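Biologist: Please go through this entry with me, one point at a time. I want the cut-offs along with the values.

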Amino acid sequence: MSPAVAGMRGPEIPGFRWVRPLGQGGFADVFLYRQELPSRDVAIKVVRAQGDERGTKELHREADAMTLLSGHPSVVELHGVGTTADGRAYLVMEYCPVADLLTQVRARPMSLEDALDTMIKICGVVETFHWQGYVHRDIKPSNIMLDAYGKPVLADFGVASKVGALEVGAFDGFSVLWAPPEQQDVNSPASPLQDVWALASTTWTFVTGRSPFEDPIGDNSAASIANRVQRGRVRGLGRADAPCELERVLRAAMAVDPAERTPSAKEFGEGLQRVQQELGYPRTEMEIKEKRSKKVQAPPVGTDDKTRLRAAPVIDPEATHMRPSPYSFEGGSGSGGVEAVADSWKSDRDADIDEVSARRKVEDTAAPAKGLTPVTGMILVLLAAIIAAGLAVAMLRGQGSFTRITPAPETSTASATPGDAVGVAPSQVTDLTGSYADGLVEWTWSAPAGATDSETAYAYEASGAGGTSRGRVKETTVRVDGASGDNCVEITTVARSSGRMSDPVRACITVP
């Protein structure tokens, strides 16, 4: 939480007691309040400025959209609406302890099982929204939260619009990192296909810790990212445990031409279910409430070549700056490595092959292989048995061996800095202490001897009764949400050039 957000205070609202700030949006602030009756924690979103008609309109739009999905298990629950004494509109919503999955997956991407389960559930609520005739238009990792039971829920319906509607100027806050290319055009009407793209790019982020259009070491300015989106320049997943089927499903849903894209959130979710089946994971069901008498078709794709970028796509530097993960992803929530390498965009020829693959409808992976007759199969099995027997006999006679080929170590004339040399872990932090005030725990520590800001970063994992948060900072201090009881943190030194980490240092404090 930034110092500016930490210093905010919510307005006085009868029946509610202000606790602490939760976040800040384009036109509204979100605070944690304690409701008196019934007694419970709630999140209240309040229009920031008095007399902000546009903010009030978008807040009311959000309330109407959430009401359409009332009762769905994968959407944030709306408790009520109101107006403060000074005339600012507000929404009273379910409080979700984990309010921003983007920060967590940037530090440690999800396991494939968790990512698939999460996004199939979100596909269900998005498909239901489309059946109601609306498009979310801002699906992204930071708009998916975890409720008190750890279940994923979709939030922030402030820019939702009816299918086919065009409200120029009302959607300047779209997220270029996860939005499709046609959404950069101010004349593009709302279409369910925009949400399909965003679902796929969000899934990609949960699996890799980055948007598919971010470059881990290159230019991530708004213009560069927008250009990659327009050209459909998608990097590889880079996860050893990710099957080819997953990448095909994601690429099909991110086809640059909307007419070639996976046609619905439901079909995208079914593609993820096929990946679950291939990996042997339990099948996640999509909760979809369909209004068959009012099914809405996506509007026809226009042929106007005049594509205009919005004047200035705004990207939060902290939310879009690439942070290559320092973790090794062995077990836990980040199994399966994600490789951060130099720019490896597909060549033109590879891009052509990928485009054909992406446009091809992905068939059920359970379909039997073709072209292999029973006789051929039996012959291959016999040959394999003979070869295996020969190898076994050779090994028993001492005539066979296994040889591991080890590449020669690379040499470098560059001077190695402490903790950055290959094979050398950085030193641990020292003097780790914590203090509590106004709902936040501030952890501070001393950098290792000889460490500099340009060479060193710090990964943290804070835990307590309010949940767990993870991230990475350059400074030697971090503020996290605090709650009554034990609050603990682990700080790990990370060498930026090599990605190697020190052993973590742990400390705890007790909050009354």
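Biologist: At roughly what angle do the axes of α5 and helix α7 cross?
Modeller: Axes are lines fitted to C-alpha atoms, for helices over the stretch in contact, and angles run from 0 to 180 degrees between N-to-C directions. α5 covers 192-208, and α7 covers residues 244-253. The two axes come within 8 Å, and the crossing is at roughly 145°.

Biologist: Which pLDDT do local features need?
Modeller: Residues are numbered from 1 along each chain as its sequence is written, and side-chain values use heavy atoms, leaving out hydrogens and water. The model is predicted: totals for chains, interfaces and linings use all residues, side-chain atom pairs count only at pLDDT 80 or more, and local features need pLDDT of at least 70.

Biologist: What is the handedness of the crossing of α5 and α7?
Modeller: A crossing is left-handed if the near helix is turned anticlockwise from the far one by less than a right angle, and right-handed if clockwise. By that rule, the crossing of α5 and α7 is left-handed.

Biologist: Which residues of α7 meet α5?
Modeller: Contact means heavy atoms within 4.5 Å. From α5, Val196, Trp197, Ala200, Thr203 and Trp204 take part. Their partners in α7 are Glu247, Leu250, Arg251 and Ala253.

Biologist: Why does Ser211 count as buried?
Modeller: Ser211 lies in the loop between α5 and α6. Buried means under 20% relative accessible area, exposed over 50%, partly exposed in between (1.4 Å probe, protein chains only). Ser211 counts as buried because its relative accessibility is 0%.

Biologist: The backbone oxygen of which residue does the side chain of Ser211 reach?
Modeller: Leaving aside residues up to four places away in sequence, Ser211 touches Leu177, Trp178, Trp204 and Thr205. At 2.8 Å, its side chain reaches the backbone oxygen of Leu177.

Biologist: What is among the cover of the buried residues of α6?
Modeller: In α6 (residues 222-231), the buried residues are Ser224, Ile225, Ala226, Arg228 and Val229. Just after this helix, Gly232 has a positive phi of about 65°. The cover of the buried residues of α6 includes α5.

Biologist: In what order do the 5 strands of the open sheet lie?
Modeller: Helices (H or I, at least four residues) and strands (E, at least two) are DSSP runs, numbered from the N terminus. Two strands pair if DSSP finds at least two bridges between them. The pairing here is antiparallel, with β1 (16-24) and β4 (78-83) as edge strands. The order is β1-β2-β3-β5-β4.

Biologist: Which residue of β2 stands opposite Arg20?
Modeller: β1 and β2 (residues 28-35) form a hairpin with 3 residues between them. They run antiparallel and are joined by 7 bridges. Opposite Arg20 stands Leu32.

Biologist: About what angle does the direction of α2 make with that of β5?
Modeller: β5 (residues 89-94) pairs with β4 over 5 bridges, and Val81 stands opposite Leu91 there. Helix α2 (residues 53-68) packs on the sheet, touching β3 (40-47), β4 and β5. Its direction and that of β5 make an angle of about 30°.

Biologist: Which residue of β14 stands opposite Glu442?
Modeller: An open antiparallel sheet of 3 strands has the order β10-β11-β14. Its edge strands are β10 (430-437) and β14 (477-481). Between β11 (residues 440-446) and β14 there are 5 bridges. Facing Glu442 is Arg479.

Biologist: What percentage of the protein's residues count as buried?
Modeller: The protein has 11 helices and 16 strands. Of its 512 residues, the buried share is 46%.

Notes. Polar contact = N/O pair within 3.5 Å; in protein donor to acceptor, adjacent residues only side chain to side chain.
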